[in-house]
Amino acid sequence: MITAAIVSLLAASLAAGQSLPSTAEVRPLLPTWKCSNSGGCVRQNTSVVLDWDMRSIHTTNGATSCKSGTKMDKSQCPDASTCAKNCVIEAADYASLGVSTSGNAVTLYHYVRTGGKLVNASPRIYLLGEDGKYVMMSLLNGEISVDVDLSTLPCGENGAFYLSEMVADGSKNPNQFNTGGAALGNGYCDAQCQGYCCNEMDILEANSQANAFTGHPCKGNTCDSGGCGYNPYAQGQKGFYGPGKTVDTSKVFTVVTQFQASGGRLTGISRKYIQNGRTINSGNINGCGNEGSTGGMTGMGQALGRGMVLAMSIWNDAAQNMAWLDAGNNGPCQSGQGSPSNIQSQHPDTHVVFSNIRWGDIGSTTKGN
């Protein structure tokens, strides 16, 4: 059963943007825990919100879309006030867009059936607080843990769990004239400069065959888009991760990522896994690009200290078939095996489950495991 909360869509929050949805949006609840070594883990009444681009935004008579690609159509939205007069945002139906929650777990389906047809949903969601703003996780000298089920993700698929230095209220939203804020999933950014350029920390990009964690620092609009990452397979640990391997991806396991700091500066990013009551240590990142051009480890640490937004998504890669993650030197997948057409025809049920999300002091999120 999906528990949900009604999003508070105050008219004031959209005064300079599109009209209010005709019906209130139902936002799935996803409780998380904020932890400390002194006080234990405290439940947070959080929820998830879909990215703004997954909603229908159209003219007031419903005849024409107000979007052009991933931005607003300038003919309908040359400025915020005109856009508010011309356009309406429809509330999102989360289940039909591949998102469902149950207890402390959220499931993201890549494909959904609509009108008897299998269609590409590929949802991206963000974690929201009770105040309708994004939860800002400050993780410098901290850690984040999550239970994951990647068992149905084949070669070419990516279940992503990552941090983006978005603005808490979602108000930084260039060229979209959509000021609904965080409550409507606005303001996305990353180190590929989608939306706009910002620091990105990929906690987990993974399928059942390969995984990586990667820092992507930015200085202004100059970002380390390739990033500084750690992929066990690429490091020669070919028997470490996968179905039946040391980290057995046919079953649920816990991913713990720690951000060590000294004197307020990020000194290392480390990874361990917990499965069947056993802690399995993995790799470390001790450097991250050029501090002068992109900020490097110092810049990444500063972003973690200021606070970053948790994003979760599922996607595949028509351009490279996710080979940068799971093929060649990066994983056991064969060339072309991870094409979107192969995935859709052979793995239409592919999905990822993230659950039991906890963040806080190093060592605080997995006590008792």
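# A tour of the disulfides, rings and charges

Select cysteine 228 to begin: with a relative accessibility of 10%, cysteine 228 counts as buried, because buried means under 20% relative accessible area. The model on screen is predicted.

**Stop 1: cysteine 228 and its partner**

Cysteine 228 lies in strand β22 (residues 228-230), while cysteine 288 is in the loop between β27 (278-285) and α2 (291-294), so the pair ties together parts that are 60 residues apart in sequence. Cysteine 288 counts as buried too, at 4% relative accessibility.

**Stop 2: cysteine 218 and cysteine 223**

Select these two next. A disulfide joins cysteine 218 to cysteine 223, and the S to S distance is 2.1 Å. Is this link left-handed or right-handed? With 110° about the S-S bond, the link of cysteine 218 and cysteine 223 is right-handed. Both cysteine 218 and cysteine 223 are buried.

**Stop 3: cysteine 66 and cysteine 87**

Move to cysteine 66 and show its sulfur together with that of cysteine 87. They form a disulfide, S to S 2.1 Å. The angle about the S-S bond is -95°, and the link of cysteine 66 and cysteine 87 is left-handed. This pair links distant parts of the chain: cysteine 66 is in the loop between β6 (57-59) and β7 (67-68), and cysteine 87 is in strand β9 (residues 87-89), 21 residues apart. Cysteine 66 is buried, with a relative accessible area of 0%, and cysteine 87 is buried with a relative accessible area of 0% as well.

**Stop 4: aromatic rings**

Turn to the ring side chains. The count of aromatic pairs comes to 8. For one of them, select tyrosine 126 and tyrosine 134: the ring centres are 5.6 Å apart and the planes are at 80°, so the pair is edge-to-face. An angle over 60 degrees is what counts as edge-to-face. Tyrosine 126 is buried, with a relative accessible area of 0%, and tyrosine 134 counts as buried at 3% relative accessibility.

Then select Phe240, Tyr241, Phe253 and Tyr273 together. Ring pairs link these four residues into a cluster.

**Stop 5: charges over rings**

Show arginine 124 with tyrosine 188. Arginine 124 lies over the face of tyrosine 188, 3.6 Å from the ring centre. For another arginine, go to arginine 358: its charged end sits over the ring of tryptophan 33, at 4.6 Å from the centre of that ring.

**Stop 6: the whole chain**

Zoom out and colour by secondary structure. The protein chain has 5 helices and 29 strands. Along its principal axes, the C-alpha trace spans about 60 × 50 × 40 Å. A compact globule of 369 residues would have a radius of gyration near 21 Å, and the 20 Å of the protein chain agrees with this.

Switch to a surface view to finish. The accessible surface of the protein chain comes to about 14700 Å², and 47% of this belongs to carbon and sulfur atoms. Of the 369 residues, 53% count as buried. Among contacts with a separation of 6 or more, 68% are between residues 24 or more positions apart.

Key: Residues are numbered from 1 along each chain as its sequence is written. This is a predicted model: local features need pLDDT of at least 70, side-chain atom pairs count only at pLDDT 80 or more; totals for chains, interfaces and linings use all residues. Side-chain values use heavy atoms; hydrogens and water are left out. Rings of Phe, Tyr and Trp (its six-membered ring) pair if their centres lie within 6.5 Å; planes under 30 degrees apart count as stacked, over 60 as edge-to-face and the rest as tilted. Buried means under 20% relative accessible area, exposed over 50%, partly exposed in between (1.4 Å probe, protein chains only). A charge sits over a ring if NZ of Lys or CZ of Arg is within 6 Å of the ring centre and within 35 degrees of the ring normal. A disulfide is a pair of cysteine sulfur atoms within 2.5 Å. Helices (H or I, at least four residues) and strands (E, at least two) are DSSP runs, numbered from the N terminus. The radius of gyration is taken over C-alpha atoms; the globule rule is 2.2 Å times the number of residues to the power 0.38. Contact means heavy atoms within 4.5 Å. Accessible areas come from the Shrake-Rupley method with a 1.4 Å probe; for residues, only the protein chains shown count as cover.
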